[in-house]
4 protein chains.
Amino acid sequence: SKFEYVRSFETDDTCLRNCYIVVRLDGRNFHKFSEQHGFTKPNDNRALGLMTRSAQSVMEELEDIIIAYGQSDEFSFVFKRTSNWFKRRASKLMTHVASQFSSSYVFYWKEYFEEQPLLYPPSFDGRVVLYPTNRNLRDYLSWRQADCHINNLYNTVFWTLVQKGGLTTAQAEDRLKGTLAADKNEILFSEFDINYNNESALHRKGTTLLWKKHEETVIRRMKQPNAEEKEVPVTRSKRRVENLYCDIIGEQFWEEHPDILEEDNC
Amino acid sequence: SKFEYVRSFETDDTCLRNCYIVVRLDGRNFHKFSEQHGFTKPNDNRALGLMTRSAQSVMEELEDIIIAYGQSDEFSFVFKRTSNWFKRRASKLMTHVASQFSSSYVFYWKEYFEEQPLLYPPSFDGRVVLYPTNRNLRDYLSWRQADCHINNLYNTVFWTLVQKGGLTTAQAEDRLKGTLAADKNEILFSEFDINYNNESALHRKGTTLLWKKHEETVIRRMKQPNAEEKEVPVTRSKRRVENLYCDIIGEQFWEEHPDILEEDNC
Amino acid sequence: SKFEYVRSFETDDTCLRNCYIVVRLDGRNFHKFSEQHGFTKPNDNRALGLMTRSAQSVMEELEDIIIAYGQSDEFSFVFKRTSNWFKRRASKLMTHVASQFSSSYVFYWKEYFEEQPLLYPPSFDGRVVLYPTNRNLRDYLSWRQADCHINNLYNTVFWTLVQKGGLTTAQAEDRLKGTLAADKNEILFSEFDINYNNESALHRKGTTLLWKKHEETVIRRMKQPNAEEKEVPVTRSKRRVENLYCDIIGEQFWEEHPDILEEDNC
Amino acid sequence: SKFEYVRSFETDDTCLRNCYIVVRLDGRNFHKFSEQHGFTKPNDNRALGLMTRSAQSVMEELEDIIIAYGQSDEFSFVFKRTSNWFKRRASKLMTHVASQFSSSYVFYWKEYFEEQPLLYPPSFDGRVVLYPTNRNLRDYLSWRQADCHINNLYNTVFWTLVQKGGLTTAQAEDRLKGTLAADKNEILFSEFDINYNNESALHRKGTTLLWKKHEETVIRRMKQPNAEEKEVPVTRSKRRVENLYCDIIGEQFWEEHPDILEEDNC
Ligand SMILES: Nc1nc2c(ncn2[C@H]2C[C@H](O)[C@@H](COP(=O)(O)OP(=O)(O)OP(=O)(O)O)O2)c(=O)[nH]1
Ligand SMILES: Nc1nc2c(ncn2[C@H]2C[C@H](O)[C@@H](COP(=O)(O)OP(=O)(O)OP(=O)(O)O)O2)c(=O)[nH]1
Ligand SMILES: Nc1nc2c(ncn2[C@H]2C[C@H](O)[C@@H](COP(=O)(O)OP(=O)(O)OP(=O)(O)O)O2)c(=O)[nH]1
Ligand SMILES: Nc1nc2c(ncn2[C@H]2C[C@H](O)[C@@H](COP(=O)(O)OP(=O)(O)OP(=O)(O)O)O2)c(=O)[nH]1
Ligand SMILES: O=P(O)(O)OP(=O)(O)OP(=O)(O)O
Ligand SMILES: O=P(O)(O)OP(=O)(O)OP(=O)(O)O
Ligand SMILES: O=P(O)(O)OP(=O)(O)OP(=O)(O)O
Ligand SMILES: O=P(O)(O)OP(=O)(O)OP(=O)(O)O
Ligand SMILES: [Mg+2]
Ligand SMILES: [Mg+2]
Ligand SMILES: [Mg+2]
Ligand SMILES: [Mg+2]
Ligand SMILES: [Mg+2]
Ligand SMILES: [Mg+2]
Ligand SMILES: [Mg+2]
Ligand SMILES: [Mg+2]
Ligand SMILES: [Mg+2]
Ligand SMILES: [Mg+2]
Ligand SMILES: [Mg+2]
Ligand SMILES: [Mg+2]
């Protein structure tokens, strides 16, 4: 039709080739959402579980995601360097991640919150960021995990002071003003007999999602010409998403999972 | 932390000022989705109702959307020219539209499909397109409504030939090859006594969402100092989303709704 | 060759359609360049003439430039809204403007500076800015002309105080601190008997370049079959670049030149 | 002023960090330019020398260029990965390269073409391309050098057939249709006794520009308090641009110049 010229106003937003494509999502106004849905403080395992379930759905339904990392109301998804999914169009990638995650969040809500109803449909923003080297990508993931650590240590002490120490939230805030990580560890240990390192790894480290390969054997009934039908075991290499709650900043994780990243010199 | 430098890899994607910002969503693989959920052919009113309900949620939860138009598995949202929501960052706009729409689609599913379960969480892609003038924007919306018309006329004849005419889908396809709009109208009229113009406006024209202003009066109990408490009627100007199934290509619609578009000469 | 894949790293930078494309150039480090080449202060007519000559070369060699405006070490070029030159690729437009201007600046140097040698090849930066409406474009040009006015008024008083008033540059700076336009006019008038409005329009208003149509008649010798050769006058519509030094902020200029801008409502 | 809002229409075009930034220039319509200035065929050493001189001017006047490569009417400039010149703004980089190159081309014309006048100021287009890894960057440079080789071999045989073999250009074109590199070498060798590998390296390999460090010793007169003035030799590390005409596709060049590229793993 004579209106079709309007298509030419669309712009190309192809991601630079040979870079890791990261899509990060973050819940809109989750301060309020978590209050209204009575999330336990500082960490609600149902909420974290639902985030992870939704992220798994993203990994399974979209192509070429090699690792994902989440904490609090955010999740980051890393597409492989050489991905050509949707011709690397940034809009397609970020909107499909945001959309699949959001519909999954509502879809799986009941599995995590059971009787407690979802009061309204939540929204997540998304963005695309490109990283040219393995070092940059690892530093990105380290940045998010360091953020998780800083927030969780703070929140843990804060809510311990409130919930176990009987402080008001204002007093707890005051108490923590200017303290360093070591101070916070010390408060937990000396006043509440809590060793922060023994706290839940899920809370301290956040959630890392990877692809894990495994063999799957199924029995197939097969019939060859001029032969009787018989049952044959068929083994196939499959993969499923694996959840980890470990350090991804140091070398160890990357040495143990050498297949996630391709070499830089390509 | 020393990892924070990775933020500087984020790029600015501010939309050019003084242009209409259109975000169009489209369902991923809805050919399959509609089959698996038994959508009636060619139009499923439950599905269309759910799309519209989700779009209404987008209009209500996001800022500055002045009009939205939907048909089939797609919906377009127009932000006003001068919007400064999220500083006009394209990623924020398109991911929030895609996310809010998707979570709403699952959230409101039961209101439209009742007992029939949603089998899996669907995904919608999104994109941003900018239009500098009223003419361009109107041509954009006309493009989508013309598309609706073309597809619906085709689908209407096609499924009438199959459902009422007893043709196979292959035969119906063959029959329609090379026919013009007039031919299709003629088939409907002479063979099935159907006047296409009397078909459902929802199907022929798609759905247009607008803001409609109305007065709302509530009774408030008020107490002035040194006076008795009394009931006072308080009237406020409110707005709600209105659904229309009308032509938006011609002049009439725009003359009847002069407030949607701002003047070009600004 | 196997290396050709590197082409796919080039990105598309098409300018949004139906917007005016402005390319603005600005001399690199012209503070130093003007000192080293002994530009007269505050305005050097040779320098301004050379800028304009170079801009004229840009208008003549490139396509679709409808108006250009220059002052000091800068020049802005406006491509028509519907231009499709180099498919509206921003890089092509801005580099060709910068390149043609720069080579012309050196090429025509001698016509303006005569014996005085050019000491080294200068550089000009360039940028592309898009404007969706006539109002925005006019405001852009007004912005540059207002800038010209502000700087020229300041520079005129400053150098008058120094050159005629015998102040040091530090004293002149001090004297002007905090003064408004009216104060500056007053200093010129009461102390130096200078009416600023009678100063050179070139300096006060900058230079506007337009296309001016004119008829050109040439004598052609022609020969028709079975006829004698004869001389025939052939008249053709031609255009040449015209220089103006007038106000382009008010309505008058645009009313007198209604052909520069297309209507917004397209 | 009230017009200043127009600045907000400028868009950010920062280059992705940690990528090599390549700016490639190419002469506009040099087919015609070379004809009109009587360039010798297939290679004009004056023209190539002037290109290289202009490129040297670009390397000296701009920041952070680590290597440049040129052939025919084009030149590519590589900015170091970590360059922050002009905050990596793509427009600034490409327009300054195009502008400095173009003004230099006119400025140095006489040094190469002596009495022969430059007829009009030429223009060069420019573009920015980003490469994330050393491999990608090397492949880019290899692509340009392979292009040089292919064109030069073709042109060499072509013009030999015409100039020495007495063929018309049409006949030469015909003769070469479908021939491979080996065939072309063979024609040169068996018919004209020319060993292509002995042809000028400048023509076969193009021009590579690098920074070469060297010590520079100057005599300074210095005076310490309470001591007599004396002459002191002062040695400083300086760098100058070096021209090479060698293979840059293979490993050898990069092994001999390990300082050009930074490591990928950063
Ligand atoms: N109680 C509780 N709150 C949580 C949990 N996970 C996330 N939240 C809340 C705490 C924060 O207020 C909020 C996440 O902070 P953000 O910086 O993303 O802010 P918010 O989402 O409110 O605003 P935004 O729209 O992202 O700018 O979510 C949880 O497990 N338990
Ligand atoms: N039966 C039925 N199908 C519908 C209805 N609305 C949409 N659909 C189906 C018909 C089309 O196959 C599909 C929309 O076409 P698209 O061009 O968007 O293709 P699809 O979503 O399959 O692929 P995509 O991921 O968008 O490229 O949705 C409906 O009301 N009833
Ligand atoms: N004496 C004199 N100087 C002029 C004339 N036209 C321009 N200039 C000088 C005055 C300013 O120092 C300079 C233009 O100011 P800019 O803001 O463009 O600064 P500049 O080019 O030095 O730095 P840039 O590389 O553009 O950031 O050029 C003139 O006609 N006479
Ligand atoms: N005779 C001669 N011609 C040369 C020499 N170097 C370059 N040229 C000419 C040959 C080609 O026609 C032209 C470069 O080819 P391009 O593909 O860049 O085409 P051209 O510049 O004509 O068009 P463009 O504006 O770049 O699309 O320059 C030379 O050394 N001698
Ligand atoms: O949302 P914040 O405050 O954690 O920080 P951000 O997400 O980087 O900011 P923005 O959402 O505005 O990009
Ligand atoms: O999805 P289509 O085929 O209707 O057409 P499109 O949406 O314009 O294509 P794309 O989704 O690839 O931008
Ligand atoms: O160069 P200035 O300071 O006049 O201002 P600008 O040109 O807008 O700044 P920039 O050249 O950095 O875009
Ligand atoms: O100019 P060409 O034909 O050598 O090829 P190109 O430079 O890659 O094409 P364009 O100048 O249009 O980007
Ligand atoms: Mg945020
Ligand atoms: Mg949030
Ligand atoms: Mg958050
Ligand atoms: Mg599509
Ligand atoms: Mg679809
Ligand atoms: Mg569709
Ligand atoms: Mg500047
Ligand atoms: Mg300047
Ligand atoms: Mg300036
Ligand atoms: Mg080209
Ligand atoms: Mg060329
Ligand atoms: Mg070329």
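Modeller: Start with polar contact: a pair of N or O atoms within 3.5 Å, where within protein one must be able to donate a hydrogen and the other to accept it. Between chain C and chain D, 26 residue pairs meet that rule, both residues at pLDDT 80 or more. Keep in mind that this is a predicted model.

Colleague: Which elements of chain C give two or more residues to the side that touches chain D?

Modeller: Helix H2 (45–61), helix H3 (90–107), strand E4 (124–131) and helix H5 (134–163) of chain C do. The largest share comes from H3(C), with 13 residues. By class, this side of chain C divides into 25 nonpolar, 14 polar and twelve charged residues.

Colleague: What makes Asp125(C) and Lys92(D) a salt bridge?

Modeller: The cut-off is 4 Å from a Lys or Arg side-chain nitrogen to a carboxyl oxygen of Asp or Glu. For Asp125(C) and Lys92(D) the N to O value is 2.7 Å, so the pair qualifies. The count between chain C and chain D is six salt bridges.

Colleague: How do you know that Glu10(A) and Arg127(B) form a salt bridge?

Modeller: Set the value against that cut-off again. The closest N and O atoms of Glu10(A) and Arg127(B) are 3.1 Å apart, and the limit is 4 Å, so the label holds. Across the interface of chain B and chain A the rule finds six salt bridges. It also finds 26 residue pairs in polar contact there, both residues at pLDDT 80 or more.

Colleague: Which element supplies the largest share of the side of chain B that touches chain A?

Modeller: H3(B) does, with 13 residues. That side of chain B has 25 nonpolar, 14 polar and twelve charged residues.

Colleague: How many residues of chain B are in contact with chain A?

Modeller: 51 residues of chain B contact 51 residues of chain A. The area buried between the two is about 4200 Å², with carbon and sulfur atoms giving 60% of it. Phe3(B), Arg28(B) and Trp143(B) supply 15% of the area that chain B buries against chain A, more than any other three residues.

Colleague: And what area do chain C and chain D bury between them?

Modeller: About 4200 Å², 60% of it on carbon and sulfur atoms. In chain C, the residues losing the most area to chain D are Phe3(C), Arg28(C) and Trp143(C), together 15% of what that side buries. The contact takes 51 residues from chain C and 51 residues from chain D.

Colleague: Why does the pair tie together separate parts of the sequence?

Modeller: Asp26(B) lies in strand E1 (residues 20–27) of chain B, and Asp73(B) in the loop between strand E2 (65–71) and strand E3 (74–79), so the parts they join are 47 residues apart in sequence.

Notes
Residues numbered from 1 in each chain as written. Chains lettered and ligands numbered in written order. Predicted model: local features only at pLDDT ≥ 70, side-chain atom pairs only at ≥ 80, totals over all residues. Heavy atoms only, no water. Contact = heavy atoms within 4.5 Å. Buried area = accessible area lost by both parts, 1.4 Å probe. Polar contact = N/O pair within 3.5 Å; in protein donor to acceptor, adjacent residues only side chain to side chain. Helix = DSSP H or I, 4+ residues; strand = E, 2+ residues; numbered from the N terminus. Nonpolar A, V, L, I, M, F, W, Y, C, P; charged D, E, K, R; others polar.
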